[in-house]
Amino acid sequence: MVNVTTNAVKQQEKPINMSPFAIARRKFLRNKLAMVSSFFLLAVVIVSVLAPYITTQDITKVNIGSMSLEPGGEHVLGTDKSGRDVFTRLLYGGRISLLVGVTCTFLVILFGTVVGSIAGFYGGFVDGLLMRFTDFVLNFPFLVFVIVLNTILFGLVNGLWVLIGVISLLSWGGVARIVRSKILAEKENEYILAAISIGCKPSKVIVKHLLPNVLSTIIVQATVTFATLIVAESALGFLGFGVPQSIPSWGNMLSASQEADVLRDKPWIWMPPAIILTITILSINFIGEGLKDAFNPKSNR
Amino acid sequence: MNKVETKKGSVQEKGLEKETLLDIQNLKTYYPVKGGFLKRTVAHVKAVDDLSFQIKKGETLGLVGESGCGKSTTGRTILRLLKPTEGKILFEGKDITNISGSQLRKARKDFQMVFQDPYASLNPTQSVGDIVSEPLKNFKKMSKNELKEEVLDLLSRVGLPPEAYHKYGHEFSGGQRQRIGIARALALKPKLIIADEPVSALDVSVQSQVLNLLKELQGEFDLTYLFIAHDLSVVKHMSDRIGVMYLGNLVEIATNESLYAEPLHPYTQALISAIPETDPSKRKNRIVLQGDVPSPQNPPSGCPFHTRCPMAKEECSKIKPALKEVKPGHHVACILY
């Protein structure tokens with residue numbers, strides 16, 4: 001009985017004329033875990049962007065006088081083996097890691113969506129061609145290819161953008177496949193026939209009718225991709241093939257732990273990037289989960 | 001549905017004098033069946049197999065037949081939402097069989113469709129205003145205010161309140177959603193509307209409302225309908241002439257009165273005997289057909305109906321009868337006549 005009344009109240013307070021996206025937004029705002037994660041991610045982004053205003057330490061200058069200092073005093077989180085302030089590098093590293101993550105995600109989603117929606121909408125020969133190309137790209141050994149391309153292109157272009165380009169080029173395949181499968185299912189609906197019969201161009205049918213209806217999947221996929229790519233960047237940085245060593249990133253900072261001495265005795269050098277990386281990835285995944293629930297009409301969380 | 005008054009007599013007389021709007025000649029639509037390792041075409045589903053008929057301006061042609069006989073495929077092929085395999089579609093004397101791209105898009109202005117499923121035929125991410133104004137945006141340059149005025153006018157014509165403008169499809173009932181679909185089809189003031197089982201997904205109480213709306217609009221906008229349905233009483237209420245389809249073929253086509261009074265084809269006779277009678281004292285002979293509809297992938301030789309026909313003769317399996325005018329305006333494809 002109690003349940004019935006609360007449901008009735010909920011029904012009443014629900015404003016009329018809500019688009020499916022407005023409903024999803026409402027549901028997302030009620031999801032505590034996703035909201036906490038959003039705030040955390042937002043905080044990380046803000047702190048990283050405002051790094052120059054928060055700390056004035058130099059991020060690249062080697063300082064022999066203050067090597068491997070423990071946390072405390074002038075250096076909140078201590079210094080690394082070259083005497084650079086860990087806290088400062090953590091903030092600046094966040095900038096790079098997030099920049100790589102966001103840019104790559106944008107490119108990956110863009111390219112994957114374009115390829116997937118064209119393949120799904122037209123079907124037949126176009127579909128076959130594009131999907132075989134996708135399979136081809138998906139079959140590249142990711143790490144090896146990134147390392148080789150990065151080495152060849154290094155010095156010719158700014159190292160950071162080489163990395164972004166290479167990661168993006170190799171990662172769009174999964175998104176293309178998912179978008180294609182969603183479009184294939186969605187285009188069987190009669191409203192697509194209706195859109196064609198009222199004289200919409202194929203491009204308009206895709207952009208105005210198909211994509212808005214698979215957008216929820218794309219958004220969820222974007223968050224997953226975002227998390228994956230930040231991890232990929234860190235993995236490459238850890239191996240020493242990520243962004244150039246002169247630019248701090250979370251992955252670069254982690255590579256210091258390759259030395260047993262640092263790993264065992266100087267946790268303040270590698271723990272901060274490891275922790276912040278883990279929590280960031282977790283919160284991105286929670287946001288993704290929350291979005292998935294919000295867009296699912298059957299969930300009522 | 002039968003409670004609704006009919007007034008087709010006058011429309012039909014007008015229709016007969018008028019010129020032909022749509023002329024279908026030997027239309028065939030086959031769906032390829034892919035199979036094997038290289039996805040080669042191994043067979044065809046003959047959804048529409050050699051169909052010819054005409055629709056005159058202002059008339060309503062009903063198309064009946066059981067599920068899977070190719071009614072919807074016929075409708076979609078005529079609108080060029082599917083590519084015909086063979087044959088010709090002449091719209092106002094213009095051949096639209098093979099046009100494509102922007103030419104086809106321009107031609108679409110004159111023929112629109114009302115879809116079967118009111119739940120799947122409205123884009124869930126668009127508001128009603130967007131849905132109804134979209135065809136106008138595609139074809140006409142109008143200012144925002146003109147557009148909105150036009151849409152509100154269309155909404156009122158199909159019996160929806162102006163508040164509907166900002167709402168989304170999921171906020172309406174099936175009948176109301178079908179009205180939105182009708183408003184969208186009307187927006188361009190088309191000459192031909194193909195209604196593909198427009199009421200089969202609706203409650204019986206709502207069906208008659210939507211049917212009457214379609215009839216009213218026909219007079220108001222001078223529309224021609226190709227009305228596809230499997231409900232015989234619905235077709236009887238709506239149509240001036242009726243075509244009966246079986247397995248992708250047109251087996252009989254006649255005026256409404258003539259078909260119901262004197263069905264000639266054995267299949268039509270069986271169909272009409274299946275209409276439930278409201279008066280229980282009026283027992284009639286129910287013709288029950290044996291067996292199932294053969295697969296359209298491998299239709300029987302000769303007359304497509306001979307495998308189930310109670311009057312089949314030996315030559316039925318050899319000769320495929322063509323449509324023959326047996327009485328004025330009454331065509332039937334059967335060797336008995």
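Q: Helices (H or I, at least four residues) and strands (E, at least two) are DSSP runs, numbered from the N terminus. Between which helix and which strand is the loop that holds Asp222(B)?
A: This is a predicted model, in which local features need pLDDT of at least 70, side-chain atom pairs count only at pLDDT 80 or more, and totals for chains, interfaces and linings use all residues. Residues are numbered from 1 along each chain as its sequence is written, chains are lettered from A and ligands numbered from 1 in the order in which they are written, and side-chain values use heavy atoms, with hydrogens and water left out. In chain B, the loop of Asp222(B) is between helix H7 (204–221) and strand S8 (224–228).

Q: Is Asp222(B) buried or exposed?
A: Buried means under 20% relative accessible area, exposed over 50%, and partly exposed in between (1.4 Å probe, protein chains only). The relative accessible area of Asp222(B) is 52%, so the residue is classed as exposed.

Q: How far apart in space are Asp222(B) and Leu192(B), C-alpha to C-alpha?
A: In sequence, 30 residues separate Asp222(B) from Leu192(B). Their C-alpha atoms have a distance in space of 9.3 Å.

Q: How many helices and strands make up the secondary structure of chain A?
A: Along the sequence, chain A reads α-α-α-α-α-α-α-α-α-α-α-α-α-α. Of its 301 residues, 47% are buried. The count for chain A is 14 helices and 0 strands.

Q: What is the radius of gyration of chain B?
A: Chain B contains 10 helices and 12 strands. For its 337 residues, the globule rule gives 20 Å, and the value for chain B is close to this, so the chain is as compact as a globular protein of that length. The rule is 2.2 Å times the number of residues to the power 0.38, and the radius is taken over C-alpha atoms. The radius of gyration of chain B is 21 Å.

Q: What percentage of the residues in chain B is buried?
A: The C-alpha trace of chain B spans about 70 × 60 × 40 Å along its principal axes. One residue of the chain, Met245(B), lies in strand S9 (residues 241–246) and counts as buried because its relative accessibility is 0%. Over the 337 residues of chain B, the buried share is 53%.

Q: At which residue does H11(A) bend?
A: Helix H11 (residues 202–239) of chain A has 38 residues and would span 56 Å if straight, at 1.5 Å a residue, yet its end C-alpha atoms are only 45 Å apart. The expected span is 1.5 Å times one less than the number of residues, and a bend is the angle between axes fitted to the seven residues ending at a residue and the seven starting there. The bend in H11(A) is about 55°, with the proline Pro212(A) following within four residues, and its position is Leu211(A).

Q: Which helix supplies the largest share of the nonpolar patch?
A: Helix H3 (32–49) and helix H4 (51–54) of chain A each give at least two residues. The largest share, 6 residues, belongs to H3(A).

Q: With which residue does Glu92(B) meet in a salt bridge?
A: A salt bridge is a side-chain nitrogen of Lys or Arg within 4 Å of a carboxyl oxygen of Asp or Glu, and the whole structure has 19 of them over all chains. For Glu92(B), the N to O distance is 3.7 Å, and the partner is Lys57(B). The pair links distant parts of the chain, 35 residues apart, with Glu92(B) in the loop between strand S4 (86–91) and strand S5 (94–95) and, in the loop between strand S2 (40–56) and strand S3 (60–64), Lys57(B).

Q: In which helix do Arg157(B) and Asp153(B) both lie?
A: Arg157(B) and Asp153(B) form a salt bridge, with their closest N and O atoms 3.7 Å apart. They are 4 residues apart, about one turn of the helix, and in chain B that helix is H5 (residues 144–157).
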